[in-house]
Amino acid sequence: MDPTPILRLLGLGAASGTRGALTLLGVGLTARLLDLPLGAGWTFLERPAVLGALAALALAEAILERDDDLQDLAALALAGVRAASGGVAAAASADRLPPWLAGALGVALALGTDLARRRLHAALKLVRTEVADPRRWLVRLENGGALGVAVAALAAPVVALGAVVVAATVAVAVNRAAHAAEALRRRPCPACGAAIRVEASGCPRCGANVPVERRIGGGAGGVLRGR
């Protein structure tokens with residue numbers, strides 16, 4: 001059995017769950033520039049007008065990802081774009097799988113990847129400081145990574161699978177390290193035992209006032225952070 005369709009599906013699903021519009025843009029550009037055939041009814045992805053619209057949507061998606069507030073407000077819309085991208089990309093590139101099955105699997109993979117990366121981003125938000133923001137670095141890496149995996153999934157599926165495995169392994173390790181680092185910055189509330197930040201002056205669970213163990217900035221004149 002030829003594993004290429006499965007490898008291609010895994011690569012496109014993972015890329016779509018990271019950047020939906022950018023993945024479809026990669027599929028269209030790869031098919032147009034490398035003359036790789038798309039499934040019947042999906043050749044419109046190669047048209048210049050469609051590629052232009054996908055590029056604009058990819059830019060909007062990247063802008064939303066860079067802004068924490070906008071990202072939270074548009075979370076449902078972004079998830080919808082990524083699910084649609086996973087389904088379309090998988091169905092368009094399916095050559096040995098029924099398009100409906102490939103599409104359904106692509107949607108599931110995209111949503112699963114989107115959920116996993118959101119958890120990673122949430123963990124990285126907890127450990128950011130005034131000096132370093134690792135989530136911003138990850139956002140930049142995701143832009144190039146999603147496009148690279150999407151192109152590789154069509155041109156070299158084995159390479160795409162390798163990239164997905166490496167990215168998933170690194171993401172798990174970073175997620176665990178972020179949670180461990182955050183745990184070091186918390187202490188139990190003396191009133192209810194809830195885990196609160198060392199620089200907090202009150203407990204968010206019971207509302208008790210607690211002594212501040214550490215000030216932002218380190219010195220006596222540092223800024224107090226809330227709960």
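Reader: Is the crossing of helix 1 and helix 6 right-handed or left-handed?

Author: A crossing is left-handed if the near helix is turned anticlockwise from the far one by less than a right angle, and right-handed if clockwise. In this predicted model, where local features need pLDDT of at least 70, side-chain atom pairs count only at pLDDT 80 or more, and totals for chains, interfaces and linings use all residues, the crossing of helix 1 and helix 6 is right-handed. Residues are numbered from 1 along each chain as its sequence is written, and side-chain values use heavy atoms, with hydrogens and water left out.

Reader: Which residues of helix 1 and helix 6 make the contact?

Author: Contact means heavy atoms within 4.5 Å. Helix 1 contributes Leu9, Leu10, Gly13, Ala14, Ser16, Gly17 and Thr18; from helix 6 come Ala102, Leu105, Gly106, Leu109, Ala110, Thr113, Asp114 and Arg117. By class, this contact has seven nonpolar, six polar and two charged residues. Ala, Val, Leu, Ile, Met, Phe, Trp, Tyr, Cys and Pro count as nonpolar, Asp, Glu, Lys and Arg as charged, and the others, Gly among them, as polar.

Reader: At what angle do the axes of helix 1 and helix 6 cross?

Author: Two packed helices are described by the angle between their axes and the distance between the axes. Axes are lines fitted to C-alpha atoms, for helices over the stretch in contact, and angles run from 0 to 180 degrees between N-to-C directions. Here the axes of helix 1 and helix 6 (residues 99–127) cross at roughly 45° and come within 7 Å.

Notes:
Helix = DSSP H or I, 4+ residues; strand = E, 2+ residues; numbered from the N terminus.
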